[in-house]
Amino acid sequence: MIRLLQIEFIKLWNNRASKVLIIAYFILLTFISLVAAIKFDIGPIKFHLAELGIFDFPYIWHFNSFIAAFFKLFLAVVIVSMMANEYSNKTIKQNLIDGLSKWEFIYSKFLTVLALSTVSTLFLFIISFLLGLGYSSYDEISIIFSDLEFILAYFVKLVGFFSFCLFLGILVKRSAFALGFLILWAILEQLLFGLLGWKVTSWETANTIKGFFPMQAMSNLIDEPFTRLSAVQNLGDQIGEDFKFDYAVHWYEIIIVLAWTALFVYGSYALLKKRDL
Amino acid sequence: MEKILTVNNLTKKYGYLTAVKDLSFTIEKGNVYGILGPNGSGKSTTLGIVLNVVNRTHGEFSWFGGNTSTHDALKKVGAIIERPNFYPYMTAIQNLKLVCKIKDVTENKIEEKLELVGLLDRKNSKFRTYSLGMKQRLAIASALLNDPEILILDEPTNGLDPQGIHQIRQIIKKIAAQGTTILLASHLLDEVEKVCSHVVILRKGEKLYSGRVDDMMATHGFFELKTAQSEALVKHLESDGNFGEIKTENGLTTAFLNEEMSAEVLNRTLFEKGIFLSHLVKRKESLEEQFLEITKNQSN
């Protein structure tokens, strides 16, 4: 396993474009903490984001994992191109000839996905923890370490998404087209949902079915955190709108994404095994 | 003899096209093998199958007696097929380190192998800055990193300039001299003739011949003769039962032997008959002539 990770590390780290993207990604993650500094002070309007309570434990786990998930696109580019480049450079052929088995090849890519997701998750945890310590109004241990399932959900979300990228990279063999396909797929899911709700079943059933689509399942893992803010809740109360959504991370949502992950990894292997290079 | 590779009834179909048809042969340790055949005769496909990058349709192959899985066996093989494939953004050293990791061998042979192929002074240049000849030599260095039991080369001189071709041949000869088993696929016959002891000849995916280069055709060779008295010469040769086909072109008479005869004997006989030669050479058919002969026989 260490050997496979080393192999991928050599390939990734010596590629300048990948290196720059990975570093940029982690710098951007760090920038979340800069949100704390956002402060408008224009005459009568005083707005300090940190005082809105977004850095309160345990809400910060939810908020940060939701925001940080947007940056995953950077790593998506890295992962799609690390797969597609093996095809365009024909190095995949040489790797196999040199004695890497087809499974080892896929496994080494998947290990890289796991490694990048793990590092991202740890990074997010540490940043959120430090930000929370600095700005949270609550600092009891039991409160700090509650709602940590959002961090787990973030990890699962990244692994699922990157596995999808891996699969697309192998399927399409060209990085640009694979990324295009990724966007197309996200749109297709919405179209299919619309079609189902409009013609086939009730909107409620359509919504349930949509929860099984890969992209939607990943996004369901961490619901938007904004309406959960007390400030927004208060606003809702005032205008008589009830913002009582279900924000929790559900076990079945995690299972769905893990199932897709397994399918994508197996699918990549099956594709590689079937193809003549 | 220790068997390195055994191929049994291997078949590969691409849709309706049969690229390799019921092919069987064995590679034994210590020999230099050539796989000969025109373009599209299934050489690369055969190598692709035994190297785990092309899926077979039928048949079997086994490495080293079949006790190891193919990918583990390949760690003991060095192979280059068609074009050198490396990561263009990495230097020679970085690329070779990666190969060491894949083959699970230590990195201490990198410099030695770069030296062997004459790339030591360019070891820190990125792969994409290399010329085709240098890329091909790097590929050879990479294939040798694990001191392989067998070196497989598919068209190693394809697309190279005369100097590049010469360099690659010198390297191959050097490696062969060290006792490494070599399997060389090529459509360049003189290339195979110069380095190989055994050949497998393919045409349209079928095996036409496999065995020693020397035994390829049971002929006794031929004489090339020149004399001022060519009419008398031809007359004498025709009356001699030892000769088969006789032809004269541009004053050069070629006489094919039906039975073994030394040049000395012929020279003495002709001298006694009063025919004086200005040119006498005894030759065996070149591989090219034999190859054309074999492929011609089969197509009829």
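This note sets out, point by point, the main features of a predicted model with chains A and B.

1. Basis of the note. Residues are numbered from 1 along each chain as its sequence is written, while chains are lettered from A and ligands numbered from 1 in the order in which they are written. Since the model is predicted, local features need pLDDT of at least 70 and side-chain atom pairs count only at pLDDT 80 or more, whereas totals for chains, interfaces and linings use all residues.

2. Chain A overall. Chain A holds 13 helices and two strands; helices (H or I, at least four residues) and strands (E, at least two) are DSSP runs, numbered from the N terminus. Taken along the principal axes, the C-alpha atoms of chain A fill a box of roughly 70 × 50 × 35 Å. Of its 277 residues, 36% count as buried. A residue is called buried if 20 or more other C-beta atoms lie within 10 Å of its own, exposed if 12 or fewer, and partly exposed in between, with C-beta atoms placed from the backbone. Among the contacts in chain A with a separation of 6 or more, 82% are made by residues 24 or more positions apart; two residues are in contact if their C-beta atoms, placed from the backbone, lie within 7 Å.

3. The unreviewed UniProt entry lists "transmembrane region" for residues 20-40, 60-84, 105-131, 151-172, 179-198 and 251-272 of chain A. UniProt positions are given in the numbering used here, feature names are shortened, and annotations may be inferred rather than shown by experiment. In the model, residues 151-172 of chain A are 100% helix and 0% strand, with the end C-alpha atoms 31 Å apart. Residues 179-198 of chain A are likewise 100% helix and 0% strand, and there the end C-alpha atoms are 29 Å apart.

4. Chain B overall. Chain B has ten helices and 13 strands, and its C-alpha atoms fill a box of roughly 75 × 45 × 35 Å along the principal axes. Of the 300 residues of chain B, 37% count as buried. Residues 24 or more positions apart supply 70% of the chain B contacts with a separation of 6 or more. The chain is divided into domain 1 (3-212) and domain 2 (222-283), bounds that come from an automatic or database domain assignment. The centres of these two domains of chain B, taken over C-alpha atoms, are separated by 44 Å.

5. An open sheet in chain B. Three strands of chain B form an open sheet in the order E2-E1-E4, with antiparallel pairing; two strands pair if DSSP finds at least two bridges between them. Its edge strands are E2 (17-28) and E4 (58-63) of chain B, each of which pairs on one side only. From one strand to the next the twist averages 15 degrees. Helix H1 (residues 43-50) of chain B packs on this sheet, touching E1, E2 and E4 of chain B, and its direction makes about 115 degrees with that of E1(B). Axes are lines fitted to C-alpha atoms, for helices over the stretch in contact, and angles run from 0 to 180 degrees between N-to-C directions. Eight bridges join E1 (residues 3-14) of chain B to E2(B), and B:Thr6 stands opposite B:Thr26 in E2(B).

6. Strand E8 of chain B and its partners. Five of the six residues of strand E8 (residues 198-203) of chain B are buried. Four bridges join strand E3 (residues 32-36) of chain B to E8(B) in parallel, with B:Ile35 opposite B:Val200. Six bridges join E8(B) to E9(B), which run antiparallel, and here B:Val199 stands opposite B:Gly211. E8(B) and E9(B) form a hairpin with two residues between them, and B:Lys204 in the turn has a positive phi of about 45 degrees.

7. B:Asp214 is found in the loop between strand E9 (206-212) and strand E10 (222-227) of chain B. Why does B:Asp214 count as exposed? The reason is that 9 other C-beta atoms lie within 10 Å of B:Asp214. The C-alpha atoms of B:Asp214 and B:Ser197, 17 residues apart along the chain, are separated by 7.8 Å.

8. The interface. 25 residues of chain B are in contact with 22 residues of chain A. On the chain B side, the elements that give two or more residues are helix H2 (70-74), strand E5 (77-81) and helix H3 (92-103). H3(B) provides the largest share, seven residues. The residues on this side of chain B divide into 14 nonpolar, five polar and six charged; Ala, Val, Leu, Ile, Met, Phe, Trp, Tyr, Cys and Pro count as nonpolar, Asp, Glu, Lys and Arg as charged, and the others, Gly among them, as polar.
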